[in-house]
There are 2 protein chains.
Amino acid sequence: MVHAVIMAGGSGTRFWPQSRTARPKQVLSIAGPRPMIAETVMRLEGLVPIERTTIVTHESQVGHVLAGLGVSGPPPRIIAEPFGRDTAACIGLAAVHIRREDPDGVMLILAADHVIRPAARFLEVTRAAAEVATEEACLVTFGIKPTYPATGYGYVHRAALVRSVGDIAVYDVHGFREKPAREVADEYIASGEYYWNSGMFCWRADVILDCLRRFTPELYAALERIEAAIATPSEETVLREAYEPLEKISIDYAVMEHAETIRVVEADYDWSDVGSWASVAALRSDEADERGNVVVGKCVVHDADDTLVISDDDHLVGVLGMEGVVVVHTPDATLVCPRERAEEVKKLVEKLQARRMDKYL
Amino acid sequence: MVHAVIMAGGSGTRFWPQSRTARPKQVLSIAGPRPMIAETVMRLEGLVPIERTTIVTHESQVGHVLAGLGVSGPPPRIIAEPFGRDTAACIGLAAVHIRREDPDGVMLILAADHVIRPAARFLEVTRAAAEVATEEACLVTFGIKPTYPATGYGYVHRAALVRSVGDIAVYDVHGFREKPAREVADEYIASGEYYWNSGMFCWRADVILDCLRRFTPELYAALERIEAAIATPSEETVLREAYEPLEKISIDYAVMEHAETIRVVEADYDWSDVGSWASVAALRSDEADERGNVVVGKCVVHDADDTLVISDDDHLVGVLGMEGVVVVHTPDATLVCPRERAEEVKKLVEKLQARRMDKYL
């Protein structure tokens, strides 16, 4: 059976001032009317029921995650990490829970803060991936068909076509590539052999745990201790003790770069990891006025172009004569920056950290 | 004796969102740490004591004016106008009060919302004006020595030098000029014969009332009714009844364009009527960082140039990568606009009016 594992551990300096240390991007309604984590759960409807959905997050964020999910129906299982230890540990932790309940279980690993449209195509591609992961006992990664030479994403270099599931192509993987320079990205696009590395995966719990046993034995030993304590009185203590000393390492470095059999499923849906306020402006461009202004909340724009103006309460934001600017107002902090420099918001946050303005972090 | 009359009746759409219908520019600390009206009163120290200082304002603004003045010492007299009827009525109203108490009294007419530096030179020039007004029974206007070809001010064209008081030159007046086109302003500056019309005046109360009697007989009749009722139980009723039907007319149109004997005193101090947020940025340039950013309140600026960022409570405004922008945050509204378009803020306010967003006006 397919189990969804939604990784919701990130903190969100890039979406300051809406995102804060304890209020990361995934619990915000950044790209639409609902929090991103609620959208992520809803997108699974028809494929993974809520009883087989697990959210892994930091223990300090459990409340925000539950609030972000809303109150309709039973909640998914939430696994609270006592410490953030990157994606290898996060996925391993979910894997031992799933293997214990469903030894043949297939894990669909998703991020809580991606935008994917349309949901129907997402489900088709995901079903294909689950089929491959089940039948071939391999690691499956989702390769997003690139729409422009992005320098902000890593890439997957596909090799030979292995099979097709319906109209969905499944390839062998030649290798993973770091975020490229612009010229390299141009070459990737021109070749047609590269996909954006989505950070979403599909594999059987026993398969990924076997990989972790071979490639990261210390992590695997910790996971075995944790697994043995599940549903015992010492579960929380053991998790804390076993987790604390773990090395922070991503699943890409820990496993994907070493594994023998990896497949990439071509994902031809619209996908964004919503990396900055500029992505939000692009994602919400269907809400723009005739001059490209996207306005959310109580905002009045006069003679402006291509602005993104967000006010999240009854506060009025008036923008006059600006072009390509992002203005985000929250009850205690406001951001003003050019769209094309939205990636640098973290520098502003670093400045706040340096000045110890903790209440705004 | 010299009496100061501070006109504090204006409303302030140009300084939205800090200024509002009931909270005009003069009661704001726009150009420095103290409200402009407090600065205006303090600037008179050594020339006009508080007992001879009168503030004329709209009745709805009395509370704001008193709050703006602060609590140190006795307050000046405040005359509350029941209706705004422009400067001729405002000055006439103050004149009947002053003539009644001091038949030879000299009125120094000031605006509550000008910035003048240094105060010492202001006092020297003002003393000279008062001397001329007393001795010659004429109307005296203050001509600001222009520092650039402003198109936002009216001009006074001087005629022959009449006298000097100390090092201060006093000229006959050739005429008043409306706000000029840029080329005309260039000619004014090149000729050396033009001053900015400051809207500040000096004259004896009996002299200006005689002018009003001759040039605006209806206004004068109303003022006589009002004068007769001063300190009687019907004072407020009479003021309201007499004031309501008055035509709105400025002292410039009502008197200055018709009067026979006008003198202009050359005022060579720094002066600004603080017409927009751009003026505020210029006036506060001594507070700027090395890249020209003026920051007031809790604001963090990163890699920005020539910005004016104001936050008037504990709200943090973060500005990243902007140039020449004005950001003004207040508890219920925020403005973002380019400095060079700050004059157009009233258009934004008009939009709020059109949308009936009254709580932000």
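Author: A crossing is called left-handed if the near helix is turned anticlockwise from the far one by less than a right angle, and right-handed if clockwise. This is a predicted model, in which local features need pLDDT of at least 70, side-chain atom pairs count only at pLDDT 80 or more, and totals for chains, interfaces and linings use all residues. Residues are numbered from 1 along each chain as its sequence is written, and chains are lettered from A and ligands numbered from 1 in the order in which they are written.

Reader: Which hand has the crossing of H3(A) and H6(A)?
Author: Helices (H or I, at least four residues) and strands (E, at least two) are DSSP runs, numbered from the N terminus. Helix H3 (residues 86-101) and helix H6 (residues 205-215) of chain A pack at about 135 degrees with their axes 9 Å apart, where axes are lines fitted to C-alpha atoms, for helices over the stretch in contact, and angles run from 0 to 180 degrees between N-to-C directions. The crossing of H3(A) and H6(A) is left-handed.

Reader: How many nonpolar residues are in the contact of H3(A) with H6(A)?
Author: Residues are in contact if their C-beta atoms, placed from the backbone, lie within 7 Å, and those of H3(A) include A:Ile91 and A:Ala95, while those of H6(A) include A:Ile208 and A:Leu212. Ala, Val, Leu, Ile, Met, Phe, Trp, Tyr, Cys and Pro count as nonpolar, Asp, Glu, Lys and Arg as charged, and the others, Gly among them, as polar. Beside 1 polar and 2 charged residues, the nonpolar ones in this contact number 9.

Reader: Are H7(A) and H8(A) roughly parallel or roughly antiparallel to each other?
Author: The axes of helix H7 (residues 217-229) and helix H8 (residues 235-243) of chain A come within 9 Å and cross at roughly 175 degrees. Angles under 35 degrees count as roughly parallel, over 145 as roughly antiparallel, 65 to 115 as roughly perpendicular and the rest as oblique. H7(A) and H8(A) are therefore roughly antiparallel.

Reader: Which element gives the most to the side of chain B that touches chain A?
Author: In this interface, 30 residues of chain B are in contact with 30 residues of chain A. Elements that each supply at least two residues to the chain B side include strand S13 (299-302) and helix H11 (345-354). The most, 6 residues, comes from S17(B).

Reader: Which strands stand at the edges of the sheet?
Author: Strands pair if DSSP finds at least two bridges between them, and strand S15 (residues 316-320) of chain A pairs with S17(B) in the parallel sense over 4 bridges. The open sheet of 6 strands has mixed pairing and runs in the order S13(A)-S15(A)-S17(B)-S16(B)-S14(B)-S12(B). Each edge strand has a single partner strand, so one side of each is left without a neighbour in the sheet, and these strands are S13 of chain A and S12 of chain B.

Reader: At about what angle does H11(B) run to S13(A)?
Author: H11(B) lies across S13 and S15 of chain A together with S17 of chain B. Its direction relative to S13(A) is about 130 degrees.

Key:
Contact = placed C-beta atoms within 7 Å.
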